[in-house]
Amino acid sequence: GSRGSASLRTDPEMKPQELNIGLVLPDGMAPGDLPSSPSVKSRPTVMKYQSARYLINGMSPGELLANRIRDEASVQANILKVNSFLNHQVDTHLMSVCGHELARRFRGLEITKVFTGFGSGLMPAQCCAMHLNVPLVFATDNAPLAKPGSEIFSAAIGNSSAGRNFGSMHVSAEFIGPGDRLLVIDDMLSKGGTIVCLAELAAKAGAVIVACGFLIEKEYEGGRLAVSKALYLKRERVQSIVRIASITDGHINIQTDDY
């Protein structure tokens, strides 16, 4: 098998090593002040390795994901394709490990829900929400059939990195509203159109987006700037597990964000 696939086979007796590093904390809070289970309404965070990064065969989630990109990703017309493990076929173990890593980084922010759009971002978002023990809400491509009297919020998505326009996304006021502290999770940060759309939906619903996390960030497409303008988040509140600095003549220049 490929190097990336082999890296996920583990000894059933081996426990992930615990590295108490990289937590994103609320302003003014030190790591020692973080409670074992942050108070998030009636849903406490219950993570077996709450402050730890999973190390699988000695590799961090960033290294695992970077290896899969090196081994299996392809480039077509300067578009990164990761169909074998994310965008068409999904490696669910890899998604769980990456979802845990994003949950670990943001677990001190009193998140009430994970928020994403329809599409490939659903897989890492579901895993992250599971590890945080909070609901996942995803915006739909068609207006949902909501409870009578519930408002439906809509926003345009904009263009993707492939130049396609995906129309609009929608969310019901039944599931996102004032008091919600949202963590936005997506598979990729490219031009930022999806995140700007989710930010508009959250604002219309009266919710607050407190952080954003991505599996892969394509730095050369400028999405981080669009997210910063839309959400006014500090740099540490927008994190990616792997960053693609550039794609040149089919070569993928990968960097990992192992906080």
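Axes are lines fitted to C-alpha atoms, for helices over the stretch in contact, and angles run from 0 to 180 degrees between N-to-C directions. Helices (H or I, at least four residues) and strands (E, at least two) are DSSP runs, numbered from the N terminus.

This is a predicted model: local features need pLDDT of at least 70, side-chain atom pairs count only at pLDDT 80 or more, and totals for chains, interfaces and linings use all residues. Residues are numbered from 1 along each chain as its sequence is written, and side-chain values use heavy atoms, without hydrogens and water.

**Exercise 1.** Find how helix α6 (residues 193–205) and helix α7 (residues 223–231) lie to each other.

Step 1. Their axes come within 9 Å and cross at roughly 10°.
Step 2. Angles under 35 degrees count as roughly parallel. α6 and α7 are therefore roughly parallel to each other.
Step 3. Contact means heavy atoms within 4.5 Å. Ile195, Val196 and Ala199 of α6 meet Ala226, Val227, Ala230 and Leu231 of α7.

**Exercise 2.** Decide whether Thr112 is buried or exposed.

Step 1. Buried means under 20% relative accessible area, exposed over 50%, partly exposed in between (1.4 Å probe, protein chains only).
Step 2. Thr112 has 9%, so Thr112 is buried.
Step 3. Thr112 lies in the loop between α4 and β3 (113–117).

Methods: Parallel < 35°, antiparallel > 145°, perpendicular 65-115°, else oblique.
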